[in-house]
Amino acid sequence: MSTNKLSRRPLVAMSEPTSPSTPDFMSISPAEFFYRNRQMAGFGNPSVAVFSAVREMVENALDACEDARRAPVVRVDVHSLSHDRIEVTVADNGAGIPYEHVPEAFGRVLYGSKFATRQRRGTFGLGVSMAVLYGQITTDSPVIVHTRPPASTGRRYEILIDIEKNRPVVESVTDMLRPQEGTTVTVRLKGDLRNRDRIVQYLRLTSVGSPHARLGLTIDGSEVLDIGPATRVLPTPPVVTRPHPRAADLELLRRLVSTRPTTRLRDFLVSSFQQVGRQSVSRFVQFASLSPSRPVGTLSRDELAHLSDALQKYPGFGRPDASSLSPIGQEGFVRAVEQVFSASCVKYGARRPAEWHGNPFIVEGVVATGDSFPSSDVPQLYRFANRVPLLYDAGDDALQRTVKRIDWKRYGLGPDSRFAVFLHLCSTRIPYRAAGKQSVDTVPEIEAETTRLLRSLGRALSRVVERQARARHESRRRRSLLKHLRLIAKFSASLAGIDEPPDVRPLVDGLFEASDDD
């Protein structure tokens, strides 16, 4: 008789009921979750991990400098400890980190200063703690933090993460002089330098997204890059704002209500949200059929759900406050592209502030021509989100798909055109597709504004292409006329017995100047 492997379990008589085994339920900490799913944050393999560590550490450094209102000077040092171990050190000239916050900032996942309603480079609160976590699990090494906040001389920390409890473990603390205020962070991790070019490209593009910064890169003792700044003008700092009522989902409402349960609905809405005043709140409560004097803590779950739905649907609220955003701006954007890519022609455009689900955003961009860009009838796209360059997952990116939908031929561009588009999306909430922050998800409002911007840039480029075509045509006409007039002058001089024919160039210049005047 044949035997099936699937039937090797002990047989149980049909008359004997069995009780199913009870599963073991448990919770895990955020650190444990990202330890198990580190590929979500860009630490899936050793090559990408080195790039991701540099990116997260540089983002933190730039934010620290801008918070201190200082022109950033950020130095990156990548050193090979062995064939599969890398040490990454990033130093900045920010205001340092208060000593009481250092352990939590580097030893706890989802801890930081980037959760307010304003534009920030980081989004998920992972940042450098994810690099610390990856370094710890691959090399068993602590993160080394040397920081000097104001009114101090400096302190050095070695910190690990208790993964199960998501809390810092401080291995050592030592008073150590740092020459100036700022922070130096060192992480050792398993990795290699196969993505070396990506690191260089990331820093070059970071100097475009942050044209006021100076960035340096040293790899194994050799200086690879020293770039910027393209402008001395610091960006206007984004302002922390209250949430917009159209961003009021049920969870946000519950959190706000829990802090002021006895507040009347009218006063609660005015004090909790932007774009809500005394007049607009009176019209809104009529629209929502709610009592303005009712304490918000007495609202039931169904009533809170109704309030959330009404806030998102009410058409009378103004647009979100754009002071929470900090776009790159025309001067810095244009100068940085010219500096980094030696572009011959750069045109800038920007859309007015818009919103998606109550989150303000601005799309700005640059179209540039130059020999450093590949020949194609579709432009090379460089993507930025909150000033951070996005180098991976372009195929899944909404900005990339929007660029491909534009008919660039109508703007006079062909397969031999050498041009590129630089798109920057800034928002209080970037709709990333994943925690790795490498591609923008599909949002109809963002795609619509991006399409309008691209068409505007296309028209600006078309005018440049037309002028260049006219200039090439005029140049050919000038050379042809000069060639023929020189022959006429030569033969005329020979017939007249003159040894040296006259110079006809002033005559040609005069003819074309007269043509330009007409």
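Student: What is the mean pLDDT of the protein chain?
Tutor: The mean is 86, and 85% of the residues reach 70 or more; pLDDT is the predictor's confidence in each residue, from 0 to 100. This is a predicted model, in which local features need pLDDT of at least 70, side-chain atom pairs count only at pLDDT 80 or more, and totals for chains, interfaces and linings use all residues. Residues are numbered from 1 along each chain as its sequence is written, and side-chain values use heavy atoms, with hydrogens and water left out.

Student: Where does pLDDT stay under 50?
Tutor: Over residues 1–15, for which the model has one contact (heavy atoms within 4.5 Å) beyond four places in sequence.

Student: On to salt bridges: how many does the structure hold?
Tutor: There are 24, each a side-chain nitrogen of Lys or Arg within 4 Å of a carboxyl oxygen of Asp or Glu.

Student: Which residue does Glu 449 pair with?
Tutor: Its partner is Arg 351, with the closest N and O atoms 2.9 Å apart. Glu 449 lies in helix H12 (residues 444–495) and Arg 351 in the loop between strands S9 (345–350) and S10 (354–356), so the pair ties together parts 98 residues apart in sequence. Helices (H or I, at least four residues) and strands (E, at least two) are DSSP runs, numbered from the N terminus.

Student: Is Glu 449 buried or exposed?
Tutor: Glu 449 is buried at 12% relative accessibility, whereas Arg 351 is partly exposed at 32%. Buried means under 20% relative accessible area, exposed over 50%, and partly exposed in between (1.4 Å probe, protein chains only).
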